[in-house]
Amino acid sequence: MTVVIAGAGPTGLTLAIDLARRGVPCRVLDKAATLFPGSRGKGLQPRTLEVFDDLGVIGAVLAGGESFPPMRLYRGAEVVWEKPIYELLGLPQLAASPAVPYPYTWLIPQWRTDQILAARFAELGGDIEFNTEVTGFAQDDDGVTVHTDRGPVRADYLVGADGGRSTVRKVSGVEFLGGALTEERIIVGDVRATGLDGRCCHLLTRDGDQSRRFSLWNLPGSEHFQLVVTMAPGDEIPELTVDGMQELLECRSGRRDVVLSDLRWISLYKVNLLMAQHFRMGRVFLAGDAAHVHSPAGGQGVNTGVQDAYNLGWKLAAVLAGAPDVLLDSYEAERLPVAAEVLHLSGALHRQNFGATEPAPAAIHQLDISYRAGPLAAGDAHVTGVLQPGDRAPDGLLPDGRRLFDVFRGPHWTVLQFGTDPADFGIPQVCLAPGSDYDVPVGSYVLVRPDGYIGAISTRAEVIRDQLRRAGEARAPISGVGATARVTTV
């Protein structure tokens, strides 16, 4: 049993880690010689931090980043204002609570995120095969033959996490529909800069016009800044060199005291809103930018790809272990609508351009993503609370000092019992008093999936067992001391 993953970015590495910790062999192939060197996807949303907690990398991620700094607008050398990014986007700011342990968007350059994920994959016995380009594939009833420039590789499944220009998607023939959001182009790169004080996103302008800004973001734990410059239609594109960027900075800001050097990475691109019409084609799947491309506004790109991988990983492992193949259909059913909403949100935030006049259409933290009414959400008709099957399972504090996330952590399913009759489902269970952030009827069982979403809410144990059977997790009841985790709140 083998899964081949094309692409060693955050999406591919998240999937590789999830499979490796479940004992599923996987090969990660990437045409580059090394991990991506730039800061491109630099914001990790609260839900992604929860995923990284589960995957065992949250300590390194928190140590390698910091909370998003404020945005600071300059008119020449004068500071016009300094505001938090949430205010500029018209979004509410979360506060830490027992249900939400990581309320802040976390600033960390993508190259460091990639390094952390690659190290975790290696810790689990994995190895990235660089300088190996996937050039095509052919699938049959028994598996997939993945063609590479180093020869064919046989696998049970292939996952294309190979970016917006995905070879896997192109070879699959699936339509990638959409188009350019605007005619603007964006320059992004990593560069050193002197002449700026404070840790901010420095919006440098000549006269306070944000549309003609030259942005320099401080990057945590690094002497480099991320530069971001939007070029309007008709603007002459400068040379993508440090001299070209210095000239553009001086033109946009009128300042010569800010000096650039050591351009580590740079790219020019057009903002597109594109989405694959299918995320599953037999034994082949698309995830991350290979499945959906959108504006960087709101910091959704890396995060949506990580969520794709986290949704797919446990399902691949379950089917390889004997679960019904139809379980894999739920990947597209659950993630395609989410991707469509992300395209809508990022497009709206891009057009707004840090000039919110009304609340944003949705939050960016991704905690409210839900799979309600999806194929894996089950429950009783009388469950009418705020929390529903398909929603994210909230965290919570337990009397012994642990968190619910401590119980959820790992590749298993979990049952929460709220004043229910004793029942053993063969998986970890926690007995809780009704209340807290789980507004469910007394006598309810709450089934939590391996990816931290609620698979069922019911007062009937047979509903929980049926969901476990559908996912290939039905087992004999566990017996013996310590077989299940049982905690009672007061």
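Which backbone nitrogen does the side chain of Asp395 reach at 3.0 Å? The side chain of Asp395 reaches the backbone nitrogen of Phe405. The structure is a predicted model, in which local features need pLDDT of at least 70 and side-chain atom pairs count only at pLDDT 80 or more, while totals for chains, interfaces and linings use all residues. Residues are numbered from 1 along each chain as its sequence is written, and side-chain values use heavy atoms, with hydrogens and water left out.

Asp395 is placed in the loop between β21 (378–379) and α10 (404–408), where helices (H or I, at least four residues) and strands (E, at least two) are DSSP runs numbered from the N terminus. With a relative accessibility of 2%, Asp395 counts as buried; buried means under 20% relative accessible area, exposed over 50%, and partly exposed in between, with a 1.4 Å probe and protein chains only. The side chains of Asp395 and Arg403 are joined by a polar contact of 2.8 Å. A polar contact is a pair of N or O atoms within 3.5 Å; within protein, one must be able to donate a hydrogen and the other to accept it, and residues adjacent in sequence count only if both atoms are side-chain atoms. When residues up to four places away in sequence are not counted, Asp395 touches Pro98, Ala99, Pro101, Arg403, Leu404, Phe405 and Asp437, contact meaning heavy atoms within 4.5 Å.

Phe405, reached by the side chain of Asp395, also takes part in an aromatic pair with Phe408, with 6.1 Å from centre to centre and 45° between the planes, an arrangement that is tilted. Rings of Phe, Tyr and Trp (its six-membered ring) pair if their centres lie within 6.5 Å, and planes under 30 degrees apart count as stacked, over 60 as edge-to-face and the rest as tilted. Both Phe405 and Phe408 lie in helix α10, 3 residues apart, about one turn of the helix. An α-helix has 3.6 residues a turn, so residues three or four places apart point the same way. Phe405 is buried, with a relative accessible area of 8%, and Phe408 counts as buried at 9%.

The structure holds 10 aromatic pairs. The rings of Trp314 and Trp413 have centres 5.3 Å apart and planes at 90°, so this pair is edge-to-face. The pair links distant parts of the chain, with Trp314 in helix α8 and Trp413 in the loop between α10 and β22 (414–418), 99 residues apart. Both Trp314 and Trp413 are buried. One aromatic cluster is formed by Tyr157, Phe279, Phe285 and Tyr331.

In soluble globular proteins, nonpolar side chains tend to be buried together. The largest nonpolar core of this model has 88 residues, and those with the most contacts inside it are Val3, Ile5, Phe52, Val61, Phe121, Leu316 and Phe425. A nonpolar core is a set of buried Ala, Val, Leu, Ile, Met, Phe, Trp, Tyr and Cys residues joined through side-chain atoms within 4.5 Å. Helix α8 (residues 301–320) contributes the largest share of this core, 11 residues. A second, separate core of 18 residues includes Val407, Phe408, Leu416 and Val446.

Phe121 is one of the buried residues of α5. Just after α1, Gly23 takes a positive phi of about 80°.

In helix α5 (residues 110–123), the 14 residues should span 20 Å at 1.5 Å a residue, which agrees with the end C-alpha atoms being 20 Å apart; the expected span is 1.5 Å times one less than the number of residues. Of these 14 residues, 10 are buried, so α5 is largely enclosed by the rest of the structure. Just after α5, Gly125 takes a positive phi of about 95°. Trp111 is also found in helix α5 and counts as buried at 10% relative accessibility. Residues up to four places away not being counted, Trp111 touches Phe36, Pro37, Gly38, Ser39, Asp190, Ser222 and Arg264.
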